[in-house]
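Hi everyone, thanks for coming. I'd like to walk you through one model today, starting with charge pairs and ending with a bit of surface. Here it is.

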Amino acid sequence: MPGGGGVLGVDAAVAGTASGYSSEITFTVVMSCLMAASGGLIFGYDISITGGLTQMQSFLEAFFPEILEKMNNAQQDAYCIFDSQVLTTFVSSLYLAGVFACLVAGHVTRRVGRRNSMLIGASFFFVGAILNCAAVNIYMLVIGRILLGFAVGFTNQSAPVYLAEIAPARWRGAFTSIFHLFLNVGMFVADLVNYRANTIARWGWRLSLGVGIIPAAVILVGAVFIPDSPNSLVLRGKVDEARHSLRRIRGRSADVDAELKDIMHAAEVDSRHKTGAFRRILQREYRPHLVMAIAIPLFFELTGMIVVTLFAPLLFFTIGFTSQKAILGSIITDVVSLAAIMVAALSVDRCGRRYLFILGGGVLLVCLVAMTWIFGAELGTNGGKAMPRPYAVAVVALVCVFVAGFGVSWGPLKWIIPSEIFPLEVRSAGQSMSESISLTLTFVQTQSFLAMLCSFKFGSFAYNAAWVVVMTAFIIFFLPETKGVPIEAMGAVWARHWYWKRFVKPVPAPEPDKQADGRLQT
C-alpha cells in the first residue's frame, strides 16, 4: 500500500535506535513544552481577535465608518458588506510580516538556538500588542500588526521544532500538538474578550487588543527559565550543555547516552556539508522533505479553515445573526475545536498521522459540499435575500463539524509533520520554508477572501472542497507514517517508502570512536 509497507531491516533499525531512548515524561519537559506552546496561544489570540473586531461597532466607528454604513443598509448585498481593501490590509499585514520574519528566523534560530528565537518572538509580541492597544489611527494599527507578524515568524518557526526535539519519541505527536491546542485556546479567549468588548461603547476595541499584552509578558519572562533543546546545542558545538539539557529533560536518572550519540551523529553529518541549509534542501536527497515543506502548508491553507477561523463572526453575520450572536457562534466553534484537538492529542500517537489525515479529509469534504448547497440554495447568488433561520442554524452546525474534522487532522498535524520530518542539517531551513509558505498563503487568503466571497458567492466553499479531495489523495499516496520514530532516525521512514526511497541516501552508522569522547568531530 502507498506509504505503508517497509523493509524489515529498516524497521529493525528504527526500533533499535529507539530502544535506548528514555520515554519518561518529566516535570521539566512538561513545563518547557507548555511554555514553548504558549507562542501558539498569542498567535491564536491575534488570529481570532480580528474576526470579532472587524464587525465590532466601536472599532468600525473609530477606523471604518463606511463599513458600518453598509451594515446598516438593508439593501446591501450580504456577501459584500466587508469588502474593503483597507480592512483586509489591517488583517493581512500580520501574515506578510510573518513571511519575512520566518525566512530570517531560520538563520537566527540556527545560530542562537530555539529558546532564544522564542524570546525574540515574545519581545515582538509585547511591543506590537502595546502599539495596537494605544492606536489612534489606521497606521498605528498596521504597524502594530506588522510587529505581531515578526513575532509570529520567530515563534512559529522555532516553537514546533523545539517541541519535537525535546519530547520523548513515544509521545512526540501529543506534545507537538500542544502548540495547536494553545493556538485554539488563544482563539477561544479572544472570542470571549470580543463578546464582552462588543458591549462597551467607544473603547471596547482597546480592551480586545490590549489583553494580548498579558500572555506576551508571561512568555517573555517564562522562556528565560526553560532549557534550550539538546539538538540545537549540539548543532552549535555545545555538547556538554546539550548533555546537561538532555538530563534535565529526560530525568536525572535517565541514561541519555544513546540519544546524545544520535544527536551528535546528526550534527556531524551536518558539519560535512559546505552549502547552506536553504540550498541544501533543494538537493535530490532532500526531495521528500522539500515536497512536504511545500505541500503540507499549502494543503493546510486550502482546507478553507483559516478563512473560516478569521472570518467566522463575519460569516455568521452574513447569514443573518446579530453582531453579538455572531461572536457567540464563534465561541461555540472554539469549544468544539478545543475538544477535537484534545481527541487528536490522545490518538495521534496511537492511531498514527495518516489515519487522522484521511478521517479529517472525509469530514471536511462533506461539510464544504453541504455549505455550498445551503448558501447557494438559501442565500442566493446576489445575497439579497435573508437565509431562513433553520438553514442558518444548519450552517452553524456544519461549521462546528467542519472545525471538529479539522481539529483532529490538519489542525495539529500541520505543526507535527514539518517539525519532525527534517534531518537536523536542514531542520531550521525546512521549518522556516514551511511556515513562510503557510503565512504567505494566509496573507493571500486574508487579502482575497472577502472579495472572493463577494464575487464567487457560495462557489468559495466548492473551491475548497475540490482541494480537500486532492490533498487527501496526496496523503494516501505520499506521506509515510512517522508515529513513534525517534526524530534523528526519521531517514529510515523515507528509505522504506514506495516512492521516496529512490531519492533518500542511506545514512551511514556513526563510528564508535567519534561517540566515545563526548565531543563533536568537525
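Let's begin with aspartate 257, which makes a salt bridge with arginine 243, their closest N and O atoms being 3.2 Å apart. By salt bridge I mean a side-chain nitrogen of Lys or Arg within 4 Å of a carboxyl oxygen of Asp or Glu. Aspartate 257 sits in helix H13 (residues 257-271) and arginine 243 in helix H12 (residues 239-250), so this pair ties together parts that are 14 residues apart in sequence. Helices here are DSSP runs of H or I, at least four residues long, numbered from the N terminus.

Before I go further, a word on the source: this is a predicted model, where local features need pLDDT of at least 70 and side-chain atom pairs count only at pLDDT 80 or more, while totals for chains, interfaces and linings use all residues. Residues are numbered from 1 along each chain as its sequence is written, and side-chain values use heavy atoms, with hydrogens and water left out.

Back to our pair: is arginine 243 buried or exposed? Arginine 243 counts as buried because its relative accessibility is 19%, and aspartate 257, at 36%, counts as partly exposed. The cut-offs are under 20% relative accessible area for buried, over 50% for exposed and partly exposed in between, using a 1.4 Å probe and protein chains only.

Next, the side chains of arginine 250 and glutamate 259 form a salt bridge at 2.9 Å, N to O. Both arginine 250 and glutamate 259 are buried. There is also a network, in which salt bridges with shared partners join Arg172, Asp349, Arg353 and Glu420.

How many salt bridges are there by this rule? The count comes to 9. One that I like is arginine 427 with glutamate 165, with 2.9 Å between the closest N and O atoms. Arginine 427 is in helix H21 (residues 427-456) and glutamate 165 in helix H7 (residues 138-166), so to speak distant parts of the chain, 262 residues apart. Both of these residues, arginine 427 and glutamate 165, are buried.

Finally, the surface. Phe27, Met31 and Leu34 make a nonpolar patch of about 310 Å². Patches take residues with over 30% relative accessible area and no salt bridge, joining like charges within 9 Å and nonpolar side chains (Val, Leu, Ile, Met, Phe, Trp, Tyr) within 5 Å. Accessible areas come from the Shrake-Rupley method with a 1.4 Å probe, and for residues only the protein chains shown count as cover. Leucine 34 belongs to helix H2 (residues 27-53).

Terms used
Helix = DSSP H or I, 4+ residues; strand = E, 2+ residues; numbered from the N terminus.
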